[in-house]
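Me: I am new to this structure and would like to learn how to read its features with care. Could you take me through them one step at a time?

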Amino acid sequence: MASRYPSNVVPFEAPVSPPSHPPSRDASDLLLGCRDRLCQGVIIAFAENLGQASNDLLGMADRATSLEQQQLYFAAMDFLANRGQSMLQHFRGAFVAQFDQSIGALRQGHGPRSSDELVELRLIDTDDFERDLAVGKLSARAACNCANQLTALDRRLAALLRVPRIGQDDNPLHPRALCSSLLQAFRDMEVGDELALALLQEFERQTSVELPRIYNDLTRHLVD
């Protein structure tokens, strides 16, 4: 059974002001509510499973086939023990900023750049390409686990934003947005790529069980 660490749960500060020219005050409140519920939900899920995360990393270190791989898992354990609280704070800030930027773009009639456009902009950057692949793989696994919940959420979010439809690349509540925000948090903390990806994988693993319930809660919030 996963260990619980209430002290690692990051409380929310006052919500960041919504982008200008919202469709309505009620719509803005609902969007901010969804943003904060999702962010706080995954933060709590991960914080409550920090003990299990450390156990998993220790097990992977024991099974490592190289000294370099073993040291990476030990470094991840050390990071969670000493900088886990800061990581969650940076993640919250990155997710809020990314969400608000995405909502602003959707309200202006255009979403974020497509993945093809992003690849074209950085074809020569192998590190960025590796990160994109990792985010794509982990977010696809999380989205598959929450397929029904995300379908219902996509429809209600599109109605709330008054757009015909919304896809995973445009949805600021999609698991891909969570993964991207965590990687941004690691960049802000100047964490190396290999360590960041190892921690991202553990984050996805420890939040996967709770994620469908969290998305269900968001849909119920919008229905209510």
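Predicted model: local features only at pLDDT ≥ 70, side-chain atom pairs only at ≥ 80, totals over all residues.

Me: Where does Leu 178 lie, and is Leu 178 buried or exposed?
Reply: Helices (H or I, at least four residues) and strands (E, at least two) are DSSP runs, numbered from the N terminus, and Leu 178 belongs to helix α7, which covers residues 175-188. Buried means under 20% relative accessible area, exposed over 50%, and partly exposed in between, with a 1.4 Å probe and protein chains only; Leu 178 has a relative accessible area of 5%, so it counts as buried.

Me: Which residues does Leu 178 touch?
Reply: Contact means heavy atoms within 4.5 Å. Not counting residues up to four places away in sequence, Leu 178 touches Leu 38, Val 42, Phe 91, Phe 95, Leu 211 and Tyr 215. Leu 38 is 140 residues from Leu 178 in sequence, yet their C-alpha atoms are 9.1 Å apart in space.

Me: What is Gln 149 in contact with, leaving aside its neighbours within four places in sequence?
Reply: Gln 149, found in helix α6 (residues 147-161), is in contact with Pro 212, Tyr 215, Asn 216 and Thr 219 when those neighbours are left aside. Gln 149 has a relative accessible area of 16% and is therefore buried.

Me: How many salt bridges are there?
Reply: Side chains of opposite charge can pair when their charged atoms come close. A salt bridge is a side-chain nitrogen of Lys or Arg within 4 Å of a carboxyl oxygen of Asp or Glu, and by this rule the count comes to seven. One of them joins Glu 204 to Arg 141, with the closest N and O atoms 2.8 Å apart. Glu 204 lies in helix α8 (residues 193-207) and Arg 141 in helix α5 (residues 126-145), so the pair ties together parts that are 63 residues apart in sequence. Glu 204 is buried at 8%, whereas Arg 141 is partly exposed at 44%.

Me: Where do Arg 205 and Glu 202 lie?
Reply: Both lie in helix α8, three residues apart, or about one turn of the helix, and they form a salt bridge whose closest N and O atoms are 2.3 Å apart.

Key: Residues numbered from 1 in each chain as written. Heavy atoms only, no water.
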